[in-house]
Amino acid sequence: MQGKVNLITFIVFIVIASTSLRSSLAISFSDISMLNHLTPDQVTLEIKDPVDPKALEQSTAILTEIRPGNSKYCNAANIIDVAKRLGDVTEDKYMVSKEECKAAFDGLIEEDRVCLKNIHARVEAFAKAQRKSVEDMEIPIPGGVAGHTVSPCRAAGCYAPGGRYPLPSSVLMTAVTARAAGCETVVLASPRPAQITLAAAYLAGADLVLCIGGAQAVGAMAYGVKTESGDIIVPPCDVIVGPGNKWVTAAKSVVNGFCGIDMLAGPSEV
């Protein structure tokens, strides 16, 4: 009798930060005197909970609203109501078609298209190399064999911050990685997505693009979305990755366990 342990390959979201040094931001020697000098014994370890209590309360309420009665799926009409109330959308539409994403890509200036293509190629090359480095294996043991198989998640949910400061890099580093891992379905959520965000979604090959954010987006990807007629328009995702604000982090802490998440990020610029 042969026994194997099935391991799910989770998508690891890697944030690559680049720093530029400019003379206008450099600290001059005259500024050094303004800094506080601390001795080693004055330095203390401060551990903060990445989940804001108030945001957790609000996110939990939103998740309950879009998934009434602890139903299996989120209710499409409820998601629209929440999205309208919180300013994600103004109409009864919160999904962007692949055709609209392609139009967004085609509408970019050549310089931006080339930039996105270059980033896509680099992320994809590294992600494929990572995937290739983890292989199925087995060894003989007394009475049989022991080993493991590595299989991708069925559906991956990717979150990308939107609004005034869109992060197309987040789209590429999550959705492209999911594709390289072999996920059948890639769902992207980004509130009020900018043109370059939709362009990145097209290039990454996202299957579904939701123009909603916050806890409502996390809930939609975690539990899936069903219409009143019973049509499943967003499949439940096995894992949710990507950076977001404190409501995204709080919602991820709630759905963690129901589906996988990358991490609970602390406060940041997003």
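In the hairpin formed by strands E4 and E5 of this predicted model, 2 residues lie between the strands, and Gly-143 takes a positive phi near 90°. Strand E4 (residues 137-141) runs antiparallel to strand E5 (residues 144-152), and 5 bridges join the two. Pro-140 has Val-145 of E5 as its bridge partner. Strands (E, at least two residues) and helices (H or I, at least four) are DSSP runs numbered from the N terminus, and two strands are taken to pair if DSSP finds at least two bridges between them. Residues are numbered from 1 along each chain as its sequence is written, and side-chain values use heavy atoms, with hydrogens and water left out. In this predicted model, local features need pLDDT of at least 70 and side-chain atom pairs count only at pLDDT 80 or more, whereas totals for chains, interfaces and linings use all residues.

Ala-156 stands opposite Val-239 in E11. Axes here are lines fitted to C-alpha atoms, for helices over the stretch in contact, and angles run from 0 to 180 degrees between N-to-C directions.

A further open sheet has 3 strands in the order E2-E9-E10, again with mixed pairing. Strand E2 (74-75) and strand E10 (232-234) stand at its edges with a single partner strand each, so one side of each has no neighbour in the sheet. E2 runs parallel to strand E9 (residues 225-226), to which 2 bridges join it. Cys-74 has Val-225 in E9 as its bridge partner.

H8 also packs against helix H2 (residues 53-66); the two axes come within 9 Å and cross at roughly 50°. This angle makes H2 oblique to H8 (under 35 degrees counts as roughly parallel, over 145 as roughly antiparallel, 65 to 115 as roughly perpendicular and the rest as oblique). Ser-59, Ile-62, Leu-63 and Ile-66 of H2 meet Ala-215, Gln-216, Gly-219, Ala-220 and Tyr-223 of H8, where contact means heavy atoms within 4.5 Å. These residues comprise 6 nonpolar, 3 polar and no charged. Ala, Val, Leu, Ile, Met, Phe, Trp, Tyr, Cys and Pro count as nonpolar, Asp, Glu, Lys and Arg as charged, and the others, Gly among them, as polar.

Helix H5 (residues 110-133) and helix H6 (residues 168-181) have axes that come within 9 Å and cross at roughly 40°, and this crossing is right-handed. From H5 the contact draws on Leu-116, Ile-119, His-120, Val-123, Glu-124, Ala-127, Lys-128 and Arg-131, and from H6 on Pro-168, Leu-172, Met-173, Val-176, Thr-177, Ala-180 and Ala-181. By class, 10 residues of this contact are nonpolar, 2 polar and 3 charged.

Helix H4 (residues 98-106) packs against helix H7 (residues 195-204) at an angle of about 115°, with the axes 7 Å apart. H4 is therefore roughly perpendicular to H7, and their crossing is left-handed. The contact is made by Lys-98, Cys-101, Lys-102, Ala-104 and Phe-105 of H4 with Gln-195, Leu-198, Ala-199, Ala-201, Tyr-202 and Leu-203 of H7. Its residues divide into 8 nonpolar, 1 polar and 2 charged.

The structure holds 2 aromatic pairs; rings of Phe, Tyr and Trp (its six-membered ring) pair if their centres lie within 6.5 Å, and planes under 30 degrees apart count as stacked, over 60 as edge-to-face and the rest as tilted. The ring centres of Phe-105 and Tyr-202 are 5.4 Å apart with planes at 40°, so this pair is tilted. Because Phe-105 lies in H4 and Tyr-202 in H7, the pair ties together parts that are 97 residues apart in sequence.

Technical notes
Left-handed = near helix turned anticlockwise from the far one by under 90°.
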